[in-house]
Amino acid sequence: MTNEKPGLRESNLFNRDVIHDIQTAAETGLYEIRGFGAKRPLPHFDDLLFLGASMSRYPLEGYRERCDTNVTLGNRYAESPIDISIPITIAGMSFGSLSANAKEALGRGASQLGTCTTTGDGGMTEEERRHSQKLVYQYLPSRYGMNPDDIRKADAIEVVIGQGAKPGGGGVLLGQKITERVAEMRTLPGDIDQRSACRHPDWTGPDDLAIKITELREITDWKVPIFIKIGAARPYYDTTLAVKAGADVVVLDGMQGGTAATQSVFIEHVGIPTMAAVPQAVEALQEMDMHREVQLIVSGGIRSGADVAKCLALGADAVSIGTAALIALGCNHPKWQTDYENIGSSAGFYDSYHEGRDPAGISTQDEELSARLDPVSGGQRLANFLGVLTLETQTLARASGKSHVLNLEPEDLVALTVEAAAMARVPLAGTNWIPGRGAHV
Ligand SMILES: Cc1cc2nc3c(=O)[nH]c(=O)nc-3n(C[C@H](O)[C@H](O)[C@H](O)COP(=O)(O)O)c2cc1C
């Protein structure tokens, strides 16, 4: 802890952030709501390393030997699965939390790289459908913006059970973001805070969910894949139940997953880290002989090609990004520093997505602010970022001797900490020891 003056000692337990939180709660009687994912240090993919090839493994030549990146999503039951060119998709983010320009930019960027983007709570906007080559339609507990015509326009349906930032919780959209258009799409009054439900209204368990999925397949003539999105709580059981209910694809969102507006206490204290969740979901798929039959998309704190490659090596078929995509569009960009300061924040710290005052024009419905984000150049920035993530993933796959990024495997990884070794189920670096498994020689 840094001291203001020598001799002054800050408490680790009651540090200045904790004191600020207590005093704010005492003064306002309100709990904190914010966007972004968990901010405290958690075990993450940085705690893993690739071994790379040397004598016992042969690397591939970067400039001459191919390393493919294409993935097919949803070929279990659907007549038209989604083929994506890169193993990275754009996560579901609601119109309402995001501006229409931001949704369009996400569609443009994803389409340039041949991947899919996803709607969110509040329904499908015409702009995002037009500019997304492949669009996944979310079917959420709130049913805000749910429209059977839009279901039929989608390339896949994602039944949302939960989010990593808040497994077991619903959403909030504050009144200041409920413009006429947002209200109309949600068939709710404007300017009034909206809470999204945490449970679907018409099914309570996996048996009912199987019926719901059949209903969705019938609406779409069994053409498009059905994804099930779960927040990482008990991923072994939840993945098993999702597959049993008939999912073509399981989307697993870890604790570091971003959100538009959730109670801080939820973001920081509920769910399990993404890295810990992946092996449990993969184990469930393997035990059912469904690994690679039902695809696993993992999200929650993916920032770089290293994160993508590590996720794939642990057994995911693809990853999904939310926060990183918004940052690529320009969220938290230093060029808006003065504006951030005017609303009590700073570039690099801005997380008040719920307030609708985003200087970068992304998490807002204010017309003047939204106009700051040009969907064409924003889309290009996202496309550039997705391109870099893919190149980085390929670099690590080639260095591990793999001609397809999906050939990455846990054997390519080691862990830097005992905790990461236990969670990711890979050996501690420099040893053959996977905690809980004993030594393999
Ligand atoms: C602004 C914003 C809005 C979101 N809206 C939704 C939503 O409507 N439905 C949903 O399932 N998840 C929503 N999420 C969560 C994302 O789909 C995804 O699970 C999460 O962002 C992944 O973690 P990452 O942000 O670290 O990449 C939202 C996230 C953000 C940042």
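Reader: Which residue lies over the face of Phe36?
Author: Lys39, at 5.6 Å from the ring centre. A charge counts as over a ring if NZ of Lys or CZ of Arg is within 6 Å of the ring centre and within 35 degrees of the ring normal. Keep in mind that this is a predicted model: local features need pLDDT of at least 70, side-chain atom pairs count only at pLDDT 80 or more, and totals for chains, interfaces and linings use all residues. Residues are numbered from 1 along each chain as its sequence is written, and side-chain values use heavy atoms, with hydrogens and water left out.

Reader: What lies over the face of Phe95?
Author: Arg181, at 4.9 Å from the ring centre.

Reader: Which aromatic cluster is Phe36 in?
Author: One formed by Phe36, Tyr340, Tyr350 and Tyr353. Rings of Phe, Tyr and Trp (its six-membered ring) pair if their centres lie within 6.5 Å; planes under 30 degrees apart are stacked, over 60 edge-to-face, the rest tilted.

Reader: How many aromatic pairs in the whole structure?
Author: The search finds 4. In one of them, Tyr236 and Tyr237, the centres are 5.1 Å apart and the planes at 90°, so that pair is edge-to-face. Tyr340 and Tyr350 make a tilted pair, 5.2 Å centre to centre with 45° between the planes.

Reader: Is Tyr340 buried or exposed?
Author: Buried, at 0% relative accessible area. Buried means under 20%, exposed over 50%, partly exposed in between (1.4 Å probe, protein chains only). Tyr350 is buried too, at 1%.
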